[in-house]
Amino acid sequence: MQMNTPPRSTIRLTRRGRGALIATGAVVAATAVAVPLLILKSDGPTRPTSLVIPEGWRSGQIYEAVDKALELPAGTTRKSLAKANLKLPGDAEGNPEGYLFPATYPLEKATPESLLRAMVDTANKKFRGSPITAGAQRNAMNMYQAVTIASIAQSEAATKADMGKVARVVFNRLERGMPLQMDSTINYAMNRSTLNTTVADTKLDSPYNSYQRMGLPPTPIANPGEDAMRAAVNPTPGDWLYFVTVKPGDTRFTSSYEEHQKNVAEFNRNRRSPSPSPSASHR
């Protein structure tokens, strides 16, 4: 793993695919986010009346939750995407990942298509608000890039305060031409959530492998909430390039690779792992 990548000229966040959005070699925490439980509110003993989508769920989790809530065969919601007529940005290329906004949705007379449309419409309303739009423009990125960075902050950070710092790590690495190297993107590619990323994992042939590919992942890796979006367009000031959560509640950000290695060593000691992860940052 190359952690001392020589700096390149500053790369502005332009269109996805055009400017190789180079993101945080911050080797950030594997998206070891425990998958939250589906929350169903019900006035009766069986039929739920609303569906709560938690922040940070991936689209696959949401499809499954909708199928379950509407008592439909597995895979029904995913198959309904083609006829849902979702109002997605062109960069999304029909993939709603990142735009299935986490909120509570009523289930009365709901269909998979109507629920998906409600989620995307809610995302567009939230994301197009003037503070978010202005923040994206101020950081020279389009909204899809902002959502992608927000999804990383959502996946990597345990607290609202840390989301802003994670976003700053992303920007700092973008400006220095450093690779992303985030375990969360590999977890997304492998459809898992874990803290343990192996050397073999970092060689995965996937556009989401930010150890091998420069830039932001091709799509968001989760569906971020409002705090993560605010963090993406207004990251906390700082010079950090690395971070690692050495133990719950103790996430350490630093600009020093040597200091970061010490933090990683402490993380590994706390984990009592016989095979330390090669990743230089963990959540």
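Reader: Which conventions apply to the model?

Author: The model is predicted; local features need pLDDT of at least 70, side-chain atom pairs count only at pLDDT 80 or more, and totals for chains, interfaces and linings use all residues. Residues are numbered from 1 along each chain as its sequence is written, and side-chain values use heavy atoms, with hydrogens and water left out.

Reader: How many helices and strands are in the chain?

Author: Helices (H or I, at least four residues) and strands (E, at least two) are DSSP runs, numbered from the N terminus. The chain has nine helices and five strands. Their order along the sequence is β-β-α-α-β-α-α-α-α-α-α-β-β-α.

Reader: What percentage of the residues count as buried?

Author: Relative accessible area is computed with a 1.4 Å probe on protein chains only; buried means under 20%, exposed over 50%, and partly exposed in between. Of the 283 residues, 53% count as buried. As for contacts (heavy atoms within 4.5 Å), among those between residues at least 6 apart in sequence, 71% join residues at least 24 apart.

Reader: How many salt bridges does the rule give?

Author: Side chains of opposite charge can pair when their charged atoms come close. The rule for a salt bridge asks for a side-chain nitrogen of Lys or Arg within 4 Å of a carboxyl oxygen of Asp or Glu. The count here is seven. One of them joins Lys126 to Glu226, with the closest N and O atoms 3.5 Å apart. That pair links distant parts of the chain, as Lys126 lies in helix α3 (residues 112-127) and Glu226 in helix α8 (residues 226-233), 100 residues apart. Lys126 is partly exposed at 34%, and Glu226 is partly exposed at 35%.

Reader: Where are Arg230 and Asp227 placed in helix α8?

Author: They are three residues apart in helix α8, and therefore separated by about one helical turn. Elsewhere, Asp250, Arg252 and Glu266 are linked in a network of salt bridges.

Reader: At what angle do α5 and α8 pack?

Author: Axes are lines fitted to C-alpha atoms, for helices over the stretch in contact, and angles run from 0 to 180 degrees between N-to-C directions. Helix α5 (residues 143-156) packs against α8 at about 115°, with the axes 8 Å apart. Residues of α5 including Met143, Val147 and Ile149 meet residues of α8, among them Ala228, Met229 and Val233.

Reader: How many aromatic pairs does the structure hold, and which residues form a cluster?

Author: Rings of Phe, Tyr and Trp (its six-membered ring) pair if their centres lie within 6.5 Å; planes under 30 degrees apart count as stacked, over 60 as edge-to-face and the rest as tilted. The structure holds seven such pairs. Tyr99 and Phe127 have ring centres 5.4 Å apart and planes at 75°, so this pair is edge-to-face. Tyr99 sits in the loop between α2 (76-79) and β3 (104-106), whereas Phe127 is in helix α3, 28 residues apart. Tyr99 is buried at 2% relative accessibility, and Phe127 is buried at 2%. Ring pairs join Tyr99, Phe101, Phe127 and Tyr144 into a cluster.
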